[in-house]
Amino acid sequence: MNTIEEFNKSVMHTYGRFDLVVEKGSDRVCTDENGKEYIDFGSGIGTNSLGFCDEKWADAVCSQVRAVQHTSNYYYTKIQAQFAGALCNTAGYSKVFFGNSGAEANECAIKIARKYSFDKYGKGRHKIITLVNSFHGRTLCTLSATGQEAFHNYFFPFVEGFDYAKANDIEDLKAKLDGACAVMLEFVQGEGGVIALDKEYVKQVCEICHENDILLIADEVQTGVGRTGRFLASEHYGVHPDITTLAKGLAGGVPVGACMADEKCAEVLTKGTHGSTFGGNPIACAGGKAVIERVTADGFLKEVEEKGRYFKEKLEAVDEVESVSGLGLMIGIKLKTKSAADVVSAALERGLLLLMAKEKVRLLPPLNITYDEIDRGLNILTEILNA
Ligand SMILES: *Cc1c(COP(=O)(O)O)cnc(C)c1O
């Protein structure tokens, strides 16, 4: 039995997988069981922010494994204190709750919003407005929050109290405010097709929320931690949401989720109202602290922005490319005639890992990718697009 047969014998078939068995990786290149190499333009969906097995990151994680791997949240650990401090300080938030995934981080944000409103206004003011074409996760609650009909299937009944406003349409949002306690949005819709929201719209949403004591929740699970060339994508928009959630790239490939809140709602979740056995796990915190240290080092984010521009310029020069969307190293490529799925398959064959988002090819390369690695990957991609 080969690895894929062995795998499929025991793992549920919930994913459309490619025939690639990743054995190991270093820098921004991984190797399959036969020793074939693949340049990584996907980072395991924006998660391996420092590439494969970065040395400093691996040292931090491994030494934590050997010191203490888990304690439960009945006790304190220095590493969680340090990671939380570094994260809140960098992101400009008062307090953080740690979970293990993006969905959990969003679930926490939704709980904070509902309890904030309940504490202040009582029952009935519990609606969360999200955007059409959004993606917020795969738990029942975050599926309910996801503004795409295709996700609201099979698993009835879904969690009530969500409504979906059209992105960049402030009147549609205004019409849905009744009974709302929060608006939750992605500044750049990732799974929805790498689509950035209009700046003016975000400013208006922020004002409306403020005027009505409605919390603004930013789902930065994909856009956060340097992905867009700023630590948070909200910095591009000049707004500071009441709550911001992070996950994917936050700990460089160890599972983590974070829900950060400002002073207004940092104390909403009181003892016994929320929890997670693994939340704030020391190994995840060690990985996260190593990522924060790197991403906040002098010049790092500026380089992310520059590399993003470099990708955009090179891609826009390709005939087959209709348009390039996104911010920083979060890139969507709309093609003129070729199907994204065919391009992704052809790239895999040629030793390049790509992602898709809706009808686009999506790139989420490791934040520390080198120009040499970018060129090698783009050469393969360009040849496929020109063929
Ligand atoms: C990936 C993603 C999620 C879900 O994160 P998981 O870790 O898979 O639970 C939520 N929101 C956004 C914007 C995402 O990109």
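Me: Why is Lys-302 called exposed?

Reply: Its relative accessible area is 55%. Exposed means over 50%, buried means under 20%, and partly exposed is in between (1.4 Å probe, protein chains only). Lys-302 is over the 50% cut-off, so it counts as exposed. This is a predicted model, in which local features need pLDDT of at least 70 and side-chain atom pairs count only at pLDDT 80 or more, while totals for chains, interfaces and linings use all residues. Residues are numbered from 1 along each chain as its sequence is written, and side-chain values use heavy atoms, with hydrogens and water left out.

Me: What makes Lys-302 and Glu-306 a salt bridge?

Reply: The closest N and O atoms of the two are 3.3 Å apart. A salt bridge is a side-chain nitrogen of Lys or Arg within 4 Å of a carboxyl oxygen of Asp or Glu. The pair Lys-302 and Glu-306 meets that limit, and so it is a salt bridge. Both residues lie in helix α11, four residues apart, which is about one turn of the helix. Helices here are DSSP runs (H or I, at least four residues), as are strands (E, at least two), numbered from the N terminus. Glu-306 has 29% relative accessibility, so it is partly exposed.

Me: How do you know that Glu-305 and Arg-230 also form a salt bridge?

Reply: Their closest N and O atoms are 3.7 Å apart, and this is within the limit for the term. Glu-305 lies in helix α11 (residues 300-316) and Arg-230 in the loop between β10 and α9, so the pair ties together parts 75 residues apart in sequence. Glu-305, at 26% relative accessibility, is partly exposed; Arg-230, at 29%, is partly exposed as well.

Me: Which parts does the salt bridge of Glu-267 and Lys-95 tie together?

Reply: The closest N and O atoms of Glu-267 and Lys-95 are 2.9 Å apart. Glu-267 lies in the loop between β12 (257-261) and α10 (282-295), and Lys-95 lies in strand β4 (residues 95-99), so the parts tied together are 172 residues apart in sequence. Glu-267 is exposed at 53%, whereas Lys-95 is partly exposed at 42%.

Me: How many salt bridges does a search of the whole structure find?

Reply: The search finds 18. Lys-120, Asp-213, Asp-242 and Lys-264 are linked in a network of salt bridges.

Me: Why is Arg-28 called buried?

Reply: Its relative accessibility is 7%, which is under the cut-off for the term, so Arg-28 counts as buried. Arg-28 sits in the loop between β1 (22-26) and β2 (29-32). Asp-27 is in the loop between β1 and β2 as well, but at 45% it is partly exposed.

Me: What makes the link between Arg-28 and Asn-368 a polar contact?

Reply: The contact between the two side chains is 3.4 Å. A polar contact is a pair of N or O atoms within 3.5 Å; within protein, one must be able to donate a hydrogen and the other to accept it, and residues adjacent in sequence count only if both atoms are side-chain atoms. The 3.4 Å value is within the limit, so the term applies.

Me: Is Glu-220 buried or exposed?

Reply: Glu-220 is buried, with a relative accessible area of 0%. It lies in the loop between β10 (215-219) and α9 (234-237). From Glu-220 to Ala-233 there are 13 residues in sequence and 7.3 Å in space, C-alpha to C-alpha.

Me: Which peptide bond is cis, with what omega?

Reply: The bond joining Phe-156 and Pro-157 is cis, and its omega is about -5°. Pro-157 is in the loop between α6 and β6 (162-165).
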